[in-house]
Amino acid sequence: MKAARIYGKKDVRLEDVPIADPEEGQVQIKVKYCGICGSDLHAYLEAWGLPTEPHPLTERTLPIILGHEFSGEVVKVGAGVTTLEKGDAVAVEPLIACGKCDNCRRGDYNFCNRVFAPDGAGNFLGFSDDGGFAEYANVKEIFAHKMPAGMSYELGALAEPTAVVFEAIKRSGLREGQNVAVLGAGPIGLLTALLAKIAGADNVYIIDVSKSRLAKAKELGITKTLNPLKVDVVEEVRKSCPNGVDVTFEAAGVQATFDSGLKLTRRNGTFQIVALFGRPVTIDLTNDLIMNGIRIVTTLAYNNSFTSVLGMLKNHQELFEKIITKKISLDNVVQEGIKTLAVDKEQVKILVSPEM
């Protein structure tokens, strides 16, 4: 089969590789669409999250087939599979977990104790095992979620990034009627604002320096857009929310937005981190947090969320379809996909199809 494999920094090769039959408890899917994520950019540009030594669970090292936001059709089932059959449309939850450690057994399998890798390799398909930038992929039955009838494969590929945001919404404790600020209007920030609105938040502010991404937010119905290059965002937010917002979502991952987020959050409010930070941040723990009672909450991936996320996608299909800005072939995954997403702020979610 054709697949895009990463060998290291700025080294992705389109190759013909063999595909084995699914193992016990696995299904083989024909990949329909796979989204390009910001973490794929980091993997390509910096070799971030890639296994340079055998991974603790998969025992894989480079090269690896990239891609972790994918959907497809089941074409083969391995021994012992009981919940899926040939022809089923599925969205893939691309986590790698042992299923046996304390965290896995309590349902926190996104924090599996056995996937910690000394080289920093990620606990996802597409990083530490083969992912979805390929014609076919073998995945565990328990991580292949049957899609609602009539849902497109394109929306199925949005389930993974939407699950990231859904987990952050859950952990933040957001309640209907509360006020929200989202820092960063990239794919995750836009999805965060969208889910906060669906969850019943009252005022939802989204903050970014990109005109095109703020325009996309308005297209999604997020009307309170702020550009910090043009206005004092704290001053603007406090015109309607004089004490600050109840929950701030940090979806940009830089010091400047981290600092702004703390100022936007009301005393005794919640500062929810969604983004990954490429560099350490500094903080005045006493004055910024303790004296204001602000709770900083973090999240990593998701657990037990895909069923709810697929239901949400089903109920708001036309809205979520606006997140998808481009579809490309697997042949063009680097030039028209990864490299384009890195520089073109008009793009939100680029989907790769092996069938194009």
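**Exercises on a predicted model**

Once its neighbours within four places in sequence are set aside, Thr299 is in contact (heavy atoms within 4.5 Å) with Glu167, Ala168, Arg171, Gln272, Ile273 and Val274. The model is predicted, so that local features need pLDDT of at least 70 and side-chain atom pairs count only at pLDDT 80 or more, while totals for chains, interfaces and linings use all residues. Residues are numbered from 1 along each chain as its sequence is written, and side-chain values use heavy atoms, with hydrogens and water left out.

**Exercise 1.** Locate Thr299 in the chain, and decide whether Thr299 is buried or exposed.

*Solution.* Begin with the elements on either side: Thr299 lies in the loop between strand E14 (295–297) and helix H10, where helices (H or I, at least four residues) and strands (E, at least two) are DSSP runs numbered from the N terminus. Next, compare the accessibility with the cut-offs, by which buried means under 20% relative accessible area, exposed over 50%, and partly exposed in between (1.4 Å probe, protein chains only). Because its relative accessible area is 14%, Thr299 is buried.

**Exercise 2.** Describe how the axes of helix H4 and helix H10 are placed relative to each other, and work out which residues make the contact.

*Solution.* First, take the axes, which are lines fitted to C-alpha atoms, for helices over the stretch in contact, with angles from 0 to 180 degrees between N-to-C directions. The axes of H4 (residues 159–172) and H10 (residues 306–315) come within 9 Å and cross at roughly 110°. Therefore H4 is roughly perpendicular to H10, a term for angles of 65 to 115 degrees, whereas under 35 counts as roughly parallel, over 145 as roughly antiparallel and the rest as oblique. The crossing is right-handed, meaning that the near helix is turned clockwise from the far one by less than a right angle.

Then list the residues: H4 contributes Ala159, Glu160, Thr162, Ala163 and Phe166, and H10 contributes Phe306, Ser308, Val309, Leu310, Met312 and Leu313. Finally, sort them by type, which gives 8 nonpolar, 2 polar and 1 charged; here Ala, Val, Leu, Ile, Met, Phe, Trp, Tyr, Cys and Pro count as nonpolar, Asp, Glu, Lys and Arg as charged, and the others, Gly among them, as polar.

**Exercise 3.** Examine the loop that holds Leu62, and find what kind of peptide bond joins Leu62 and Pro63.

*Solution.* Leu62 belongs to the loop between helix H1 (38–46) and strand E4 (64–65), and Pro63 is found in the loop between H1 and E4 as well. The bond that joins Leu62 and Pro63 is a cis peptide bond, with omega about 5°. Since its relative accessibility is 24%, Leu62 counts as partly exposed, and, not counting residues up to four places away in sequence, Leu62 touches Ile6, Tyr7, Gly8, Leu50 and Pro51. Ala47 also has its place in the loop between H1 and E4, and has a positive phi of about 60° although Ala47 is not a glycine.

**Exercise 4.** Identify which residues of helix H12 are buried, and what covers them.

*Solution.* Within H12 (residues 333–343), Val333, Val334, Gly337, Ile338, Thr340 and Leu341 are buried. Their cover includes strand E1 (2–8), strand E2 (11–16), H1, strand E15 (324–329) and strand E16 (349–353). As background, an α-helix has 3.6 residues a turn, so residues three or four places apart point the same way.
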